[in-house]
Amino acid sequence: MSRREMSNNRIAFRLGLLVVLAVVLAIFVSAMEKKLDAREQAAPESGQEQQEQGDQGEPAGPPETPDTGSEGSDAEQYPDSDHLTVGLKGSKIAIVRQGDPYIESGAFAVDDRTGALTGCEIKGSVDTSTPGDYTVSYTFTSENAKATVERTVRVVPESAMEWDSDGIPVLMYHWVYTETDQPGEINGNWILNTDLEDQLRWLKENDYYHPSFSELRAYADGQISLPAKSVILTFDDGVWAFFNYGVPLLEQYETPAVAFIIGVNAEEEDLTKYASPYMEYESHSYNMHQPGGYIGHGGIISAMTQEEIEADLREAIALTGSSDAFAYPYGDVTDDAIYAVENVGIKCAFTTEYGPVERGMDFRQFPRVRIQGDYSLDGFIASLF
């Protein structure tokens, strides 16, 4: 083959290749145009669908954010809630005999910045005609702080348990010591912490009920019944020896108790730092726990007028935030003191007379059962019956 023929063949091959490429390119362009046309036709349909999903024919727009409330959470509104200590007056599970009225025992709270709080929001209702468990809640607020505590109210048929018939013992303790921290002189008012622990353990293991003072008053007035195994624990004077060694045991065994505090001493010791969910503050007077009288143990209350006693009691109530109970200093009682207790609205006032609180007793001078520090466990158990 000549050079000219070879050259002509190469030219023909190249021209054929160009034709093939041109055809492929034309097919590709045509396919792309069809794809674009399809997208343009689909776009209005997609828009229509989006519009139909919107509210009242309006475009749907971005997803809505759930409304969490403009006020924010309790943690945001009340950032100082750790300053509050709240507890229930009486047992965490209140026992009500079917058909008896429900007695509101209440709750208490202490703000470690300001002291005892008064007033709370109570929610919940109880139908004592129908056995079952009901929930009552108590909410306290104070200076950017909020706390809530709940009680279960258990309505039970009369046949469900044994009910008291011979009185409710209100135990009277004073101070607590340990083997390594003993007072200079140990008398009947001092109890060793391990002995107190044995008593608390026994009460818990034997399912004792701890009525509030409101329930005790209603029991004495004949309004309600209380479980046969009922007891109230009280500690007089409110001194460090009880707070340091007694309160931790109350917390360990989840046993509610009452500290009858002397107002002038309480303010000096700043009792806000001892606050506990298991210890309620009540009054042992503001400044009447001193000598100067002429009856009984010589307490000054017998030398005071009714008006003076009332003024002292009101000052103590303002400090404790409660008028549920009062323990007469030295156990001394006069007619003026009895009328003063009634006038300021105290529910239960206690002497040092020995015995349980029985139905029909005068709420202005209930007795108590003194627990001697040297009691054996058997001696303690005997004092409950």
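Q: Between which two strands lies the loop that contains Ser91?
A: The structure is a predicted model, in which local features need pLDDT of at least 70 and side-chain atom pairs count only at pLDDT 80 or more, while totals for chains, interfaces and linings use all residues. Residues are numbered from 1 along each chain as its sequence is written, and side-chain values use heavy atoms, with hydrogens and water left out. Helices (H or I, at least four residues) and strands (E, at least two) are DSSP runs, numbered from the N terminus. By that numbering, the loop with Ser91 lies between strand S1 (84-88) and strand S2 (93-97).

Q: Is Ser91 buried or exposed?
A: A residue counts as buried under 20% relative accessible area, as exposed over 50% and as partly exposed in between (1.4 Å probe, protein chains only). Because the relative accessible area of Ser91 is 9%, Ser91 is buried.

Q: Over how many bridges do strands S6 and S7 pair?
A: Strands of a sheet pair through backbone hydrogen bonds, either parallel or antiparallel. Strand S6 (residues 132-141) and strand S7 (residues 146-156) take the antiparallel sense; Tyr134 has Val153 in S7 as its bridge partner, and Val136 stands opposite Arg151 in S7. The number of bridges over which S6 and S7 pair is ten.

Q: Which residue in the hairpin of S6 and S7 takes a positive phi near 45 degrees?
A: Four residues stand between the two strands of this hairpin. The residue with the positive phi near 45 degrees is Glu143.

Q: Which residue in S6 is the bridge partner of Lys123?
A: S5 and S6 pair in the antiparallel sense, over three bridges. Within S6, the bridge partner of Lys123 is Ser137.

Q: How many of the eight residues of helix H4 are buried?
A: Helix H4 (residues 213-220) is mostly covered, and among its buried residues are Phe213, Glu215, Leu216 and Tyr219. The count of buried residues in H4 is seven.

Q: How far apart are the C-alpha atoms of Gly321 and Glu282?
A: Gly321 lies in the loop between helix H8 (306-320) and strand S14 (325-327), and it counts as partly exposed because its relative accessibility is 21%. Leaving aside neighbours within four places in sequence, Gly321 touches Ala116, Leu117 and Thr118. Although Gly321 and Glu282 are 39 residues apart along the chain, their C-alpha atoms are separated by 8.1 Å.

Q: How are H8 and H9 oriented to each other?
A: The axes of H8 and helix H9 (residues 335-343), lines fitted to C-alpha atoms over the stretch in contact, with angles running from 0 to 180 degrees between N-to-C directions, come within 9 Å and cross at roughly 45 degrees. Angles under 35 degrees count as roughly parallel, over 145 as roughly antiparallel, 65 to 115 as roughly perpendicular and the rest as oblique. The orientation of H8 and H9 to each other is therefore oblique.

Key: Pairing = 2+ DSSP bridges. Contact = heavy atoms within 4.5 Å.
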